[in-house]
Amino acid sequence: MPEAGGPRETRLAQRLPLPVLMLLAWLVPGLGHLLLGRRLRAAVFCVVILVGFVVGLVLDGELMLPHAGDPLSYLAAIANIGNGVLFFVARHFDLGQGAVTAPGYEFGNTFLLTAGMMNLLLVLDTHDIAVGKKDW
Amino acid sequence: MTLDHLTLMGLDALLIAVFFSFLWKRDRRERWHHFWKVFAALLVGAVALGWLMYPFPRG
């Protein structure tokens, strides 16, 4: 089993408890990898998720919240909240209200959901690197 | 933003392919190979699925 985190892990990451590291990885796309010393991947992931999120908003996608009686909205909300701090900032500025009549609405949703789910995968990847399941 | 469906689908496929090639593959060559595989699969798969659904009525 390889050493957890590996030699590139930053001092801060060594001090942080795993749940806090995962929380940071969720809040800011790429931050988990950055703290673990995976700079290139951190930058790539950050850019990919940021671009997906911004394109989703520009296309009038909706940052969905759970609606009573609509089970699928719960899944959509989880995926959207997966965007971390981007989700909360956008909601704060009333972005991502979603215009159902806009031509890009469905595409916008797809971009927002994709970005959120990719960020959730990054949280799991951060966990795997931190505990030594993934040594690169 | 007014982009056609194919361009938007291509952009989404591009982001996903880049993401998974960096998530799953370690070295540069493997990443390129994986990137093109995922990118092509998403694009060709979507067009093929569209054609397969063409005979079915809407609604």
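User: Taking helices as DSSP runs of H or I with at least four residues, numbered from the N terminus, in which loop of chain A is the place of A:D94?

Analyst: In this predicted model, A:D94 has a positive phi of about 55° although it is not a glycine. Most residues other than glycine have a negative phi. The place of A:D94 is in the loop between α6 and α7 of chain A.

User: Is A:D60, which has a positive phi of about 70°, buried or exposed?

Analyst: A:D60 is not a glycine, despite its positive phi, and its place is in the loop between α4 and α5 of chain A. The cut-off for a buried residue is 20 or more other C-beta atoms within 10 Å. Because A:D60 has 21 other C-beta atoms within 10 Å, it is buried.

User: Which element gives the most to the largest nonpolar core?

Analyst: The largest nonpolar core has 40 residues, and those with the most contacts inside it are A:F45, A:V48, A:M118 and B:F19. With 11 residues, the element that gives the most to the core is α7(A).

User: Which residues does B:F19 touch, not counting residues up to four places away in sequence?

Analyst: B:F19 is itself among the residues with the most contacts inside the largest nonpolar core. Not counting residues up to four places away in sequence, B:F19 touches A:F45, A:V48 and A:M118.

User: Which element gives the most to the side of chain A that touches chain B?

Analyst: In total, 18 residues of chain A are in contact with 11 residues of chain B. The elements that give two or more residues to this side of chain A are α4 and α7 of chain A. The residues on this side divide into 12 nonpolar, four polar and two charged. The element that gives the most, with eight residues, is α4(A).

User: Within what arc do the buried residues of α5(A) fall, seen down the axis of the helix?

Analyst: The buried residues of α5(A) are A:A76, A:A79 and A:N80. They line one face of the helix, because, seen down its axis, they fall within an arc of 95°. What covers these residues includes α6 and α7 of chain A, and the arc asked for is 95°.

User: What is the radius of gyration of chain B?

Analyst: The secondary structure of chain B comes to two helices and zero strands. The globule rule gives 10 Å for 59 residues, and the value for chain B is well over that, so the chain is more spread out than a compact globule. Its C-alpha atoms fill a box of roughly 45 × 30 × 15 Å along the principal axes, and the radius of gyration is 14 Å.

User: How far apart in space are B:P55 and B:F22, C-alpha to C-alpha?

Analyst: The place of B:P55 is in the segment after α2 of chain B, where B:P55 is exposed, with 6 other C-beta atoms within 10 Å. B:P55 and B:F22 are 33 residues apart in sequence, and their C-alpha to C-alpha distance in space is 38 Å.

Definitions and conventions. Residues are numbered from 1 along each chain as its sequence is written. Chains are lettered from A and ligands numbered from 1 in the order in which they are written. This is a predicted model: local features need pLDDT of at least 70, side-chain atom pairs count only at pLDDT 80 or more; totals for chains, interfaces and linings use all residues. A nonpolar core is a set of buried Ala, Val, Leu, Ile, Met, Phe, Trp, Tyr and Cys residues joined through C-beta atoms within 7 Å. A residue is buried if 20 or more other C-beta atoms lie within 10 Å of its own, exposed if 12 or fewer, and partly exposed in between; C-beta atoms are placed from the backbone. Two residues are in contact if their C-beta atoms, placed from the backbone, lie within 7 Å. The radius of gyration is taken over C-alpha atoms; the globule rule is 2.2 Å times the number of residues to the power 0.38. The arc is that of the directions from the helix axis to the C-beta atoms. Ala, Val, Leu, Ile, Met, Phe, Trp, Tyr, Cys and Pro count as nonpolar, Asp, Glu, Lys and Arg as charged, and the others, Gly among them, as polar.
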